[in-house]
2 protein chains.
Amino acid sequence: MEDEKRTVRAVERALDVLLCFTSGSEWGLTDIAQRVGLHKSTVHRLLATLEEKGFVARDEATDKYRLGLRILELSAHLTRSDDPAVVLLGEMERLRDQLGETVSLYVRDRKDRVRIQAVQSEQAIRRVAPVGARLPLFVGASSKVLLAFAEPEVREALLSDPAWPASIDVEAYRKQLAEIAEAGYATSYEEREAGAAAISAPIFNRSGKLVAALSVSGPSNRLTPDVMRERAPAVVSAAKRMGALLG
Amino acid sequence: MEDEKRTVRAVERALDVLLCFTSGSEWGLTDIAQRVGLHKSTVHRLLATLEEKGFVARDEATDKYRLGLRILELSAHLTRSDDPAVVLLGEMERLRDQLGETVSLYVRDRKDRVRIQAVQSEQAIRRVAPVGARLPLFVGASSKVLLAFAEPEVREALLSDPAWPASIDVEAYRKQLAEIAEAGYATSYEEREAGAAAISAPIFNRSGKLVAALSVSGPSNRLTPDVMRERAPAVVSAAKRMGALLG
DNA sequence: CCAATCGTTTCACCCAATGAAACCGTGGTA
DNA sequence: TACCACGGTTTCATTGGGTGAAACGATTGG
């Protein structure tokens, strides 16, 4: 098993430490050391480095570690003017007002999907959708869209990836993706989360490349299968309109 | 000059590479190598590591490096429910509507200040204030507030820091800070940026500790010195109201 | 007062990060 | 077509620096 690493171990470890903060915002040194499986002193040194550069900070009261404002600074530079999350925001708000449900935008990032933009429904019972959330790429309407309309090589690589959950029958899944490709959209009903449902449609840029999945989601008692079927065309045409706004 | 480094060099370098993206969103390998003063191959390895963990990604078209979505993911976990940037947003919007100008919230982060929240004026000519921006701690109304109301040790440490610009007379500056502490707010008129002016007031938490500076900023022809003097009480009392919302 | 726990510092060993140089791929130019 | 210039990539010998065991302090609480 020659791993052919051309990466820097210390940096990998430091980034793993940073990624601890994607689950739980406050950590003690020992907790982190345990979590990443390294010695206390090693983690201590890594944290000192991260702290010096402002990537983590210490809570004054608890003395525990938390994310630093350098993260905020970097994230401010994440969006360019041609970023879908910016360009499509207006259209997303329009769709939210039209359907009254939360609208999200997902892109594929390696083997996950990431919510890069969201506008919340204004109803009392609504789907809350934090921007930046990283979700699995095998369940949920948007996952299926991102797979169904991906380039075939990409799709096959993901389906045959060792990380793909063994509990899902690949053949049946592939068949479902083909149906979605045919229909032009996907739905999910209490698939990833109980009580939630969603409609999702692909957004292609001018050269026909899949760039994102547009998703409308809400409580499953409002978004019943029938309602979703009825509203799907609105989502699909919104996605088409959005595609035209991209480069 | 014993530097007593208890940090990890490779990690420091990797973070420096990341920080390149705070000025300019797209970089080639050679550019970065030049900027951080390291060999191409070293930077290549660091970038490969950052890329593997999703902290940077490559633009498909240009093949250049850009920030990855892991940054977005982390930034989503930056704000806790008790974060001033969240808790005070409502009050900030109220103040924006009252005065019609852009309202920002700054905290001190080491030797800089960082804009952690902002709501834009809705006028045609307005101050635009991106969240996450890192600004110097010696010019601008909020800087002066963050210094004037800081704990004395902190203030003195900063004023006598070698990084403090020699062009500013420390004694005169200290005098100005004392006046600000007396008045309870600070103003700036075309101080950091030509054509811009601002009023800023301190926000203290329940235990009397300075946590942020509230700032109202706009074009200097609207926010003339007279107008600012007249509006200062509104900013100060808004800041006081906000303080009451904090822990 | 002691025990437990957490963060910090020290230190010798030896792995792994480093940068020079060579290599490869691409686009532009004569 | 041949050539060059300029990006990114890979290789490799050298040794600096990252590593973890262990000892140390500082708190906490029973």
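A pocket is an open set of grid points with protein on both sides within 12 Å along at least five of seven lines, and its lining residues have an atom within 4 Å of a point. The model is predicted, and the terms below apply to it.

**The second largest pocket**

The second largest pocket holds about 190 Å³ of space. Its lining includes Glu52(A), Lys53(A), Gly54(A) and Arg70(A), and also Asp109(B), Arg110(B), Asp112(B) and Arg134(B). Sorted by class, seven of the lining residues are charged, one is polar and none is nonpolar.

**Helix pairs**

Two packed helices are described by the angle between their axes and the distance between the axes.

| Helix pair | Angle | Axis distance |
|---|---|---|
| H4(A), residues 69–76, and H4(B), residues 69–76 | about 130 degrees | 9 Å |
| H1(A), residues 9–19, and H3(A), residues 40–52 | roughly 80 degrees | within 10 Å |
| H7(A), residues 141–148, and H9(A), residues 170–183 | roughly 85 degrees | within 9 Å |

*Between the chains.* H4(A) and H4(B) pack at an angle of about 130 degrees, which makes H4(A) oblique to H4(B). The crossing of H4(A) past H4(B) is left-handed. On the chain A helix, Ile71(A), Leu74(A) and Ser75(A) take part, and they meet Ile71(B), Leu74(B) and Ser75(B) of H4(B). The contact of H4(A) with H4(B) comprises four nonpolar and two polar residues, with no charged ones.

*Within chain A, H1 and H3.* The axes of H1(A) and H3(A) cross at roughly 80 degrees; angles of 65 to 115 degrees count as roughly perpendicular, and the two helices are therefore roughly perpendicular to each other. H1(A) contributes Ala10(A), Arg13(A), Ala14(A), Val17(A) and Leu18(A), while H3(A) contributes Thr42(A), Leu46(A), Leu47(A) and Leu50(A). Seven residues of the contact of H1(A) with H3(A) are nonpolar, one is polar and one is charged.

*Within chain A, H7 and H9.* H7(A) and H9(A), whose axes cross at roughly 85 degrees, are likewise roughly perpendicular to each other. Lys144(A), Leu147(A) and Ala148(A) of H7(A) make the contact with Tyr173(A), Gln176(A), Leu177(A), Ile180(A) and Ala181(A) of H9(A). The contact of H7(A) with H9(A) has six nonpolar residues, one polar and one charged.

Technical notes: Residues numbered from 1 in each chain as written. Chains lettered and ligands numbered in written order. Predicted model: local features only at pLDDT ≥ 70, side-chain atom pairs only at ≥ 80, totals over all residues. Heavy atoms only, no water. Axes fitted to C-alpha atoms, helices over the stretch in contact; angles between N-to-C directions. Helix = DSSP H or I, 4+ residues; strand = E, 2+ residues; numbered from the N terminus. Parallel < 35°, antiparallel > 145°, perpendicular 65-115°, else oblique. Left-handed = near helix turned anticlockwise from the far one by under 90°. Contact = heavy atoms within 4.5 Å. Nonpolar A, V, L, I, M, F, W, Y, C, P; charged D, E, K, R; others polar. 1 Å grid on protein atoms, 1.4 Å probe; cavity = no way out; pocket = protein on both sides within 12 Å on 5 of 7 lines; lining within 4 Å. Points joined across faces, edges and corners; volume = space filled by probe spheres on them.
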